Amino acid sequence: SMATNLIPGDTNGNQDAFLLDNGVAYRNNSIILTGEYKASVGDIVELSWYGAPALAPFQLSMSSNLNGYTMGLHEFELGAPLPTLLLGTTDADGHGSYLSAPLHSSLAGSTLYFELGVRDANGRLHDSIAHELAIQ
């Protein structure tokens, strides 16, 4: 840059090179996703999270496997198919929650996995560790 106001005292008129470090493009398992680990048919399950970027868009997904899924360069633990349960924005503290519908009888004996992905204001993707729910 030829600008003289980028660095105090930089008035030599020579071009300067600047390196901007935005950090890593993603933050694996940086969000805490909590909730019940066991539930019964008919139960309503609550999941909640904290440690996410504040006021940031999120996606809560579910899967019946942990075969992994890559979005861009970010690797999630959940495997396809990945139905989206909830889209929204985290609160000012980086928290949020989800309440399921009553668990259907067709889910008896299955295990479901949940994972949260959040994109911060700098475009970095953050996620949670997959949360496991065994349904009786």
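## Leu87 and its contacts

Leu87 touches Phe58 and Gln59, leaving out residues up to four places away in sequence; a contact here means heavy atoms within 4.5 Å. You'll find Leu87 in strand S7, residues 84-89. Strands are DSSP runs of E with at least two residues, helices are runs of H or I with at least four, and both are numbered from the N terminus. Leu87 counts as exposed because its relative accessible area is 60%. The cut-offs are under 20% for buried, over 50% for exposed and in between for partly exposed, using a 1.4 Å probe and protein chains only. Leu87 and Leu116 sit 29 residues apart in sequence, and their C-alpha atoms are 9.9 Å apart in space.

A quick word on what you're looking at: this is a predicted model, where local features need pLDDT of at least 70 and side-chain atom pairs count only at pLDDT 80 or more, while totals for chains, interfaces and linings use all residues. Residues are numbered from 1 along each chain as its sequence is written, and side-chain values use heavy atoms, with hydrogens and water left out.

## The overall layout

How many helices and strands are there? The protein has 0 helices and 11 strands, so along the sequence the pattern reads β-β-β-β-β-β-β-β-β-β-β. Of the 136 residues, 31% are buried. Take the contacts between residues at least 6 apart in sequence: 66% of them join residues at least 24 apart.

## An aromatic pair

Phe58, one of the residues Leu87 touches, also belongs to the structure's 1 aromatic pair. Its partner is Trp49, and the two are edge-to-face, 4.9 Å centre to centre with 65 degrees between the planes. To pair, rings of Phe, Tyr and Trp (its six-membered ring) need centres within 6.5 Å; planes under 30 degrees apart are stacked, over 60 edge-to-face and the rest tilted.

Are these two partners buried or exposed? Trp49 is buried, at 2% relative accessible area, and Phe58 is buried too, at 8%.

## The largest pocket

Gln59, the other residue that Leu87 touches, turns up again at the largest pocket, which holds about 230 Å³ of space. There are 15 lining residues, and the closest to the pocket's centre are Gln59, Ser61, Met71, Phe76 and Gly117. Strands S4 (57-63), S5 (69-71) and S9 (111-119) each give two or more residues to the lining. S9 gives the most, with 5 residues. By class, the lining has 10 nonpolar, 3 polar and 2 charged residues.

How is such a space found? Rolling a probe the size of a water molecule over the atoms shows where empty space is left. In detail, a pocket is an open set of points on a 1 Å grid over the protein atoms alone, where a 1.4 Å probe fits, with protein on both sides within 12 Å along at least five of seven lines; lining residues have an atom within 4 Å of a point. The volume is the space filled by probe spheres set on the points, which are joined across faces, edges and corners. As for the classes, Ala, Val, Leu, Ile, Met, Phe, Trp, Tyr, Cys and Pro are nonpolar, Asp, Glu, Lys and Arg are charged, and the others, Gly among them, are polar.

## Around Ser63

Ser63 lies in strand S4 and is buried, with a relative accessible area of 2%. Its side chain reaches the backbone nitrogen of Asn65 at 3.1 Å. A polar atom of the Ser63 side chain also lies 2.5 Å from the backbone oxygen of Gly79. Not counting residues up to four places away in sequence, Ser63 touches several others, among them Leu78, Pro81 and Tyr113.

That Pro81 is joined to Ala80 by a cis peptide bond, with omega about 0 degrees. Pro81 is in the loop between strand S6 (74-76) and S7.

## Where loops meet

Val41 is in the loop between strand S2 (38-39) and strand S3 (46-50), while Leu103 is in the loop between strand S8 (96-99) and S9. The two are 62 residues apart in sequence, yet 5.0 Å apart in space, C-alpha to C-alpha. Val41 is partly exposed, at 34% relative accessibility, whereas Leu103 is buried, at 10%.

Another loop, between S3 and S4, holds Leu55. Leu55 has a positive phi of about 50 degrees although it is not a glycine, and it counts as exposed at 60% relative accessibility.

Conventions
Polar contact = N/O pair within 3.5 Å; in protein donor to acceptor, adjacent residues only side chain to side chain.
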